Each structure stands twice: as C-alpha cells, then as structure tokens.
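I opened my notebook today to look over one chain, step by step. Come along and check each entry against the picture.

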Amino acid sequence: MKFSELKQKDVVNILDGRRLGRAIDIEFSPKDGNVESITVPGSFSISNIFKSSQGYVIPWQRICKIGDDVVLVDLDAAYFRAYEM
C-alpha cells in the first residue's frame, strides 16, 4: 500500500468509535525500513492551540485492520491521557 492511499482513510479507534482523522505522517525504522507508527492530527480544541503537538502518534502494533475506507486502531483511555498532559 502506498502512503497516498493510506492518508485517504479515516483512522477510527475501535474501543470508543472516536474518529481521529487521517494519517498525516508515517515513521519508518532506520534499521530495517519497517513502518513503526503513523501520525494523525487528532481533535482540535482551543485549549491545545498553543501546544506543540503534531497529533497522535499511533504505534504500528496498535493498528488492528486496514480496510477500504478506514484504519481501525486499538487505543485505550490511558493512551489519550498521555497526550493531554
């Protein structure tokens, strides 16, 4: 799959149905070239307008399924709390 195809798919968390957005970046392992994570922009709010966060970095192991229109990920509440700090 090409990144241009991946970035057209909505990323959805299977635990709460939250739509996280579409992939804006992808990170590869310099050692073996495998995909390590994808980044999605996350939700917009006034409170995080001044934060330097570029979105949610989702480890490749947390991706459950890549379908025709959607990427399903498994992210628990603790994962999101880490980004709120």
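Here are my entries, starting with the overall layout and ending with the sheet.

**Entry 1: the model.** I noted before anything else that this is a predicted model.

**Entry 2: the elements.** I looked up the helices and strands, and I found two helices and seven strands in the chain. Then I read along the sequence and wrote down the pattern α-β-β-β-β-β-β-β-α.

**Entry 3: the surface.** How much of the chain counts as buried? I found that 26% of the 85 residues do, where buried means under 20% relative accessible area. I also looked up the accessible surface, which comes to about 5,900 Å². Carbon and sulfur atoms hold 53% of that surface.

**Entry 4: contacts.** I took the contacts with a separation of 6 or more and asked what share links residues 24 or more positions apart. The share is 36%.

Entry 5: Which order do the strands of the open sheet follow? I wrote down 2-1-7-6, a sheet of four strands with mixed pairing. Its edge strands are strand 2 (19–22) and strand 6 (63–66), and each of them pairs on one side only. Neighbouring strands here are turned by 25 degrees against each other on average, direction ignored. A reminder to myself: strands of a sheet pair through backbone hydrogen bonds, either parallel or antiparallel.

**Entry 6: one pair up close.** I picked strand 1 (residues 10–13) and strand 2, which run antiparallel and are joined by three bridges. I then looked for the bridge partner of V11 in strand 2, and found G21.

Conventions:
Residues numbered from 1 in each chain as written. Predicted model: local features only at pLDDT ≥ 70, side-chain atom pairs only at ≥ 80, totals over all residues. Heavy atoms only, no water. Buried < 20%, exposed > 50% of the residue type's maximum accessible area, 1.4 Å probe, protein only. Contact = heavy atoms within 4.5 Å. Areas by Shrake-Rupley, 256 points an atom, 1.4 Å probe, with all protein chains shown as cover. Pairing = 2+ DSSP bridges. Axes fitted to C-alpha atoms, helices over the stretch in contact; angles between N-to-C directions.
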